[in-house]
Amino acid sequence: MKKMQIRLFSWIKKLFKKDRMAKIGIYGPPNAGKTTLANRVVRDWTGDAVGPVSHIPHETRRARRREGITIEANGTTVSLDIVDTPGLATKIDFHDFMAFGMKEEEAKRRAKEATEGVIEAVKWLEDLDGVILVMDATEDPFTQVNVTVIGNMEARHLPLIIAANKIDIPEASPTRIRSAFPQHTLVPISALEGQNIETLYDEIANRFG
Amino acid sequence: MPHRCIKCHTTYEEGTAEILNGCPKCGNNKFEYIKEEKDEPNIGKIIEETHVTQQNRKMTPDSVESVRIVTPGEYELNLDSLLKKEDIILGIRDGDRYIVPLTTVFETHSKDKDKKEKKRETKQ
């Protein structure tokens, strides 16, 4: 009887629920796979792409927004605006880009744009309803960027999902991230290969739907 | 401070009669000060101290600036400050100069004021 009541209540809730567009930001350090994930989500549900990816850090230097993505998962339909943001970093040095064969002038320009990109990414937080924090599961999760961002999301009471990316690489350890931030929902994924991406969609539907 | 005869390099304590009368060994009356060891520059120590100073100058969450321009193309970002504060303060080099972009600051605060006024209006 009680179960019936709960079902009836959730059915009524769904019936009167306003069709709200949730604005979700994809955040994380450089080279964690944010744009790869954004491309995967957008391609899976619309057939488009968001932006180019590269092994050189700070490829995404402007926030890119893709509107009206409808995700159907877990029996619910969620409408999302996805914002792919530039990688958050505490130090940007043009010498690092020159190591990839870039000329000094180009490397300096990239560093400047990447710095502006970090500021832009932070400003976007004001407008968001939730965040997917992408972390590289092959790297140590205890970084200043991860700790600062998670602390700030908690202070803002922003719903957060941690995507432990790159699980297609044998050295990946999502467990390490889980034990570092046990208070948050974590989904191990490979944005590149599409591994476990369905679980992420289920979680998006649960948290942001 | 001990003295040393510049000719035969014999050392004499400060204020001794030999310094006034001349070196009893060679008869020379020119002496030089011998610097005590602690006065000699210890390069290793200086390097160590410089290293600490550089560490202190690194951007910390408590640093006043949100972005530090070390050189053109080299930037340090204070994520904590950027996430918490709306205003951006630029630091130049090792934090010996700061820039506060007033236009942005005024714009931000006027927007905040507008928002508050709108809220007040809707309440009334």
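At 7% relative accessibility, A:His58 counts as buried, and this residue of the predicted model has a positive phi of about 65 degrees although it is not a glycine. A:His58 is found in the loop between helix 2 (34-46) and strand 2 (64-73) of chain A. In chain B, B:His9 also carries a positive phi, near 65 degrees, in a residue other than glycine, but B:His9 is exposed, with a relative accessible area of 51%. The place of B:His9 is in the loop between strand 1 (3-5) and strand 2 of chain B.

**Cysteines**

- Over all chains, the structure holds zero disulfides, a disulfide being a covalent bond between the sulfur atoms of two cysteines.
- The sulfur of B:Cys5 has its closest cysteine sulfur in B:Cys26, at 3.6 Å, which is too far for a bond, given that a disulfide requires two cysteine sulfur atoms within 2.5 Å.
- B:Cys23 is likewise in no disulfide, and the nearest cysteine sulfur, that of B:Cys8, is 3.6 Å away.
- B:Cys5 is buried, with a relative accessible area of 0%, and B:Cys23 counts as buried at 3% relative accessibility.

**Aromatic pairs**

- Three aromatic pairs are present over all chains, and one of them joins A:Phe142 and A:Phe181, whose ring centres are 6.2 Å apart and whose planes meet at 45 degrees, so the pair is tilted.
- A:Phe142 lies in the loop between strand 5 (130-136) and helix 5 (144-156) of chain A, while A:Phe181 lies in the loop between helix 6 (174-180) and strand 7 (185-188) of chain A, so the pair ties together parts that are 39 residues apart in sequence.
- B:Tyr12 and B:Phe31 form an aromatic pair that is edge-to-face, with 5.8 Å from centre to centre and 80 degrees between the planes.
- Because B:Tyr12 lies in strand 2 (residues 11-12) of chain B and B:Phe31 in strand 3 (residues 31-33) of chain B, this pair ties together parts that are 19 residues apart in sequence, and both B:Tyr12 and B:Phe31 are buried.

**Charges over rings**

- In chain A, the charged end of A:Lys108 sits over the ring of A:Phe94, at 5.0 Å from its centre.
- A:Arg110 lies over the face of A:Phe97, at 5.4 Å from the ring centre.

**A sheet with strands from both chains**

- Five strands make up an open sheet with mixed pairing, in the order 4(A)-5(B)-4(B)-6(B)-7(B).
- The edge strands are strand 4 (91-93) of chain A and strand 7 (97-99) of chain B, each of which pairs on one side only, and the twist averages 20 degrees from one strand to the next.

**Helix 7 of chain A**

- Helix 7 (residues 197-208) of chain A has 12 residues and reaches 16 Å from its first C-alpha to its last, which is close to the 16 Å expected at 1.5 Å a residue.
- The buried residues of helix 7 of chain A are A:Ile197, A:Leu200, A:Tyr201, A:Glu203, A:Ile204, A:Ala205 and A:Phe208.
- An α-helix has 3.6 residues a turn, so residues three or four places apart point the same way.

Key: Residues are numbered from 1 along each chain as its sequence is written. Chains are lettered from A and ligands numbered from 1 in the order in which they are written. This is a predicted model: local features need pLDDT of at least 70, side-chain atom pairs count only at pLDDT 80 or more; totals for chains, interfaces and linings use all residues. Side-chain values use heavy atoms; hydrogens and water are left out. Buried means under 20% relative accessible area, exposed over 50%, partly exposed in between (1.4 Å probe, protein chains only). Helices (H or I, at least four residues) and strands (E, at least two) are DSSP runs, numbered from the N terminus. The expected span of a helix is 1.5 Å times one less than its number of residues. Rings of Phe, Tyr and Trp (its six-membered ring) pair if their centres lie within 6.5 Å; planes under 30 degrees apart count as stacked, over 60 as edge-to-face and the rest as tilted. A charge sits over a ring if NZ of Lys or CZ of Arg is within 6 Å of the ring centre and within 35 degrees of the ring normal. Two strands pair if DSSP finds at least two bridges between them. Axes are lines fitted to C-alpha atoms, for helices over the stretch in contact, and angles run from 0 to 180 degrees between N-to-C directions.
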